[in-house]
Amino acid sequence: MPPKSDSVEGIVLTFVNEQNRPLNSQNVADALQKFNLKKTAVQKALDALADSSQISFKEYGKQKIYLARQDQFDIPNGEELEEMKKANSKLQEELADQKKITSELESEIKSLQSNLTLEEIRSKEAKLQSEVQEMEEKLNKLQSGVILVKPEDKKKIEESFSEKVTQWRKRKRMFKELWDNITENSPKDQKEFKEELGLEYDEDVDVTFQPYGDMLASLSKRRKVSR
């Protein structure tokens with residue numbers, strides 16, 4: 001007679017049949033912790049079910065392995081297995097389609113979330129309008145002949161720029177000469193040696209001398225013409 005479904009034996013029997021795979025008492029006890037069943041009670045139930053032939057078991061040394069009785073299950077024939085395979089393949093295709101649709105929806109949601117809200121659009125529009133107005137005011141001043149930078153201030157800025165770019169060029173040349181002398185007979189890889197010393201070239205910080213050199217040349221040329 002099968003045990004009551006809410007008894008310890010009933011709970012254990014239901015679990016073993018549902019799993020339909022080899023289990024030891026520890027596997028069963030771990031899985032049934034939600035029922036507050038102790039391992040000793042689970043072991044006792046397994047042994048009782050095995051003794052009453054409601055489940056099968058085999059002994060491997062000191063350990064017992066329990067398994068649901070296979071004669072209670074309907075075993076499909078070859079034709080049924082083939083149908084099951086086809087059904088499984090179809091379900092896999094449907095699952096792949098659903099995953100694709102889900103992925104597309106998630107991408108669309110992310111795209112929508114990245115768009116500006118109406119409030120953000122209005123705020124950005126107001127900021128841009130303010131910038132346009134400021135630029136128009138500057139343009140009007142320039143067109144009316146208003147001097148925005150005093151000649152003496154302009155001269156100071158140009159002299160400061162000229163001095164700094166000249167120093168930059170000079171120090172680049174000095175460093176190159178010094179570096180070439182140091183590394184000429186060094187067995188170390190120059191790139192590794194540079195990293196070891198913590199040195200950075202202009203290019204390492206996305207800066208190039210050429211544009212500033214060109215500006216300095218243009219400035220010098222302008223000064224000569226104005227003299």
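Trainee: How do the axes of helix α6 and helix α7 cross?

Mentor: In this predicted model, the axes of α6 (residues 151–183) and α7 (residues 190–197) come within 12 Å and cross at roughly 115 degrees. That makes α6 roughly perpendicular to α7 (65 to 115 degrees counts as roughly perpendicular). Axes here are lines fitted to C-alpha atoms over the stretch in contact, with angles from 0 to 180 degrees between N-to-C directions.

Trainee: And which residues of α6 and α7 meet?

Mentor: From α6, W179, I182 and T183 meet Q190, F193, K194 and L197 of α7, with contact meaning heavy atoms within 4.5 Å. Residues are numbered from 1 along each chain as its sequence is written. Local features need pLDDT of at least 70, side-chain atom pairs count only at pLDDT 80 or more, totals for chains, interfaces and linings use all residues, and side-chain values use heavy atoms, leaving out hydrogens and water.

Trainee: Switching to α3, which residues are buried?

Mentor: V42, A45, L46, L49 and A50 are the buried ones, buried being under 20% relative accessible area and exposed over 50% (1.4 Å probe, protein chains only). They cover an arc of only 135 degrees around the axis, so they lie on the same side of α3; the arc is taken from the directions from the helix axis to the C-beta atoms.

Trainee: What covers those buried residues of α3?

Mentor: The cover includes α1 (8–19), α2 (25–31), β1 (55–60) and β2 (63–68). Turned away from the buried side, the other face of α3 carries exposed T40, K44 and D51.

Trainee: What happens just after α3?

Mentor: S53 takes a positive phi of about 60 degrees there.

How values were computed:
Helix = DSSP H or I, 4+ residues; strand = E, 2+ residues; numbered from the N terminus. Parallel < 35°, antiparallel > 145°, perpendicular 65-115°, else oblique.
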